[in-house]
Amino acid sequence: MAKIDSAYAYYVSNYAHKEVSRYDSHKKSDLRKVYNKIIKANKESPLYKISNLSEAKKYAIDIKESSKNIQNAVASLSDSYGSFADSFQKKVAVSSDPDSVDVKYVGDGNEENNSDGFDISVDKIATPQINTGNFLNNKALSFVPGNYSFNLDTTNSAYEFQFTVSQGENNSQILNKLSDLINNASLGITSHVIDNSGNESALQLTSSQTGLSESEKYLFSISPTASSDSIAGMKTLGINRVTSEASNSSFTLNGKEHSSLSNTFTINNVFELTLNKETDASTPVSIRFKTNSDAVADNVQILIDAYNGILDTAKEHSSDKSGSNKLLRDMSSISTSRKASLEYIGLMTNDDGKITIDKDILSNAVQPDRADATFHTLSAFRDMIGDKASSASVNPMDYVPKVVVAYKNPGHNFNTPYISSIYAGMMLDSFA
């Protein structure tokens, strides 16, 4: 059986928390294209050994994630738009008070004129359900040693939790053990042990979901099982008590009252709003689209940030034992080789290949008399970055120092689609 090593832990700690983009999902045809690229890359690839496998795995994961960021940025500036100019002129929504109401444009560019914008006042944000248990002396033991169980019901499912109290344990240990038990179940309920000033602690459970529909009385409920010990244990814990009920958000759009179960929702499939806090009714938050030149600058910035990100990855690993300068050379050459044309439209190239945007120059470059040439330059730059990122994502180990063991017989090799797992960060320390 294969032994999973630190590569998985590295991925989880560095990338598992990232927000999932809608460009992370693909059609079958897209996945088939990737599969065919993997086969082509491995069919003639030589066999090799890697000197520092542990660090090389981390480098491969970093390359794949940085490449994915570029591919998502390229996709966001390509899909649903008819021409190269339209891609970089995607609408960008802006809030007059993002601390109170944040906004993201999620439309496809085909909205009617009545989606130009609106004013919003937030009367109340949606809240989760909170159950707070009894405060217990940390160093004492308020439970009789033995076995306990309780039921936790959500709006969709029912669960039973069992735990044991042993002689010598104290309340603090029991509460922390229960908190971990609930969190590890991944039920959409977060558990915390909270303290007061009297050296006492209690268990507090909070739902990830907010709001209640008309058919719901609760987001979760807790009750002891039928045994007398469990009933007594629940009286001691007190986590079956709802201390703060879930509630819906309440807000006003252009003078009309609305409500939502969540603090994040869409308006007309164009604006994705996130309510962060209540606002003053006399000063509504204005949601509008940015001007064309500002929208172009924001869209270009998405691409530049992703491009600079992979250069940072390359530079970080080029000085250690896991990496080489190949990735840095390959990616930075895209901008340095086109330095003059990029700087002409406001994309200023540094000595290391990284790019910054001069918004004044870019604003002039997208004026009607220069717009076509500018968008041609941007599209060519976008496509080159996307092609390079696609190749790096398929075979990140191409950028890791290695020793060739044997070359394959050119033109006489069978397809080896599964060997790509060795070269894609999914590597193993040992076999047992």
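These are my notebook entries on a predicted model of one protein.

**Ground rules**

I number residues from 1 along each chain as its sequence is written. Since the model is predicted, I take local features only at pLDDT of at least 70 and side-chain atom pairs only at pLDDT 80 or more, while totals for chains, interfaces and linings use all residues, and side-chain values use heavy atoms, with hydrogens and water left out.

**Overall**

I looked up the secondary structure first. The protein has eleven helices and 22 strands. Both are DSSP runs numbered from the N terminus: helices are H or I with at least four residues, strands are E with at least two. Of the 432 residues, 39% count as buried. Buried means under 20% relative accessible area, exposed means over 50%, and partly exposed lies in between (1.4 Å probe, protein chains only).

I then looked up contacts (heavy atoms within 4.5 Å). Among those between residues at least 6 apart in sequence, 73% join residues at least 24 apart. The accessible surface comes to about 23100 Å², and 50% of that belongs to carbon and sulfur atoms. Areas come from the Shrake-Rupley method with a 1.4 Å probe; for residues, only the protein chains shown count as cover.

**Sheet β9-β8-β12**

I traced an open sheet of three strands in the order β9-β8-β12, with antiparallel pairing. Two strands pair if DSSP finds at least two bridges between them. β9 (158-165) and β12 (220-224) stand at the edges with a single partner strand each, so one side of each has no neighbour in the sheet. Neighbouring strands are turned by 25 degrees against each other on average, direction ignored.

I checked the pairing of β8 (residues 146-154) with β9. These two strands pair in the antiparallel sense over eight bridges. Phe150 has Phe161 in β9 as its bridge partner.

Two helices pack on this sheet. Helix α5 (residues 171-184) touches β8 and β9, and its direction makes about 150 degrees with that of β9. Helix α6 (residues 228-237) touches β8, β9 and β12, and its direction makes about 70 degrees with that of β8. Axes are lines fitted to C-alpha atoms, for helices over the stretch in contact; angles run from 0 to 180 degrees between N-to-C directions.

Ser186 is in the loop between α5 and β10 (189-195). Its phi is near 50 degrees, a positive value in a residue other than glycine. Ser186 is exposed, with a relative accessible area of 63%.

**Sheet β4-β17-β16**

I found another open sheet of three strands, ordered β4-β17-β16 with antiparallel pairing. Here β4 (101-105) and β16 (264-267) are the edge strands, each with a single partner, so one side of each is left without a neighbour in the sheet. The twist averages 25 degrees from one strand to the next.

β16 and β17 (residues 271-275) pair in the antiparallel sense over four bridges. Phe265 has Leu273 in β17 as its bridge partner. Thr264 stands opposite Thr274 in β17.

I asked which residues of β16 are on its covered face and which on its uncovered one. Phe265 and Ile267 make the covered face; Thr264 and Thr266 make the uncovered one. In a regular strand the side chains alternate between the two faces of the sheet.

The hairpin of β16 and β17 has three residues between the strands, and Asn268 there takes a positive phi near 60 degrees. Asn269 lies in the loop between β16 and β17. Its phi is near 55 degrees, again positive in a residue other than glycine. Asn269 is exposed, at 62% relative accessible area.

**Buried Ala392**

I looked up Ala392 in helix α11 (residues 371-394). Ala392 counts as buried, at 0% relative accessibility. Leaving out residues up to four places away in sequence, Ala392 touches Ile63, Ser67 and Tyr399. Ala392 and Ile63 are 329 residues apart in sequence but 7.0 Å apart in space, C-alpha to C-alpha.

**Surface patch**

Tyr8, Tyr11 and Val12 make a nonpolar patch of about 290 Å². Patches are made of residues with over 30% relative accessible area and no salt bridge; like charges are joined within 9 Å, nonpolar side chains (Val, Leu, Ile, Met, Phe, Trp, Tyr) within 5 Å. A salt bridge is a side-chain nitrogen of Lys or Arg within 4 Å of a carboxyl oxygen of Asp or Glu. Tyr11 lies in helix α1 (residues 6-15). Tyr11 is partly exposed, with a relative accessible area of 31%.
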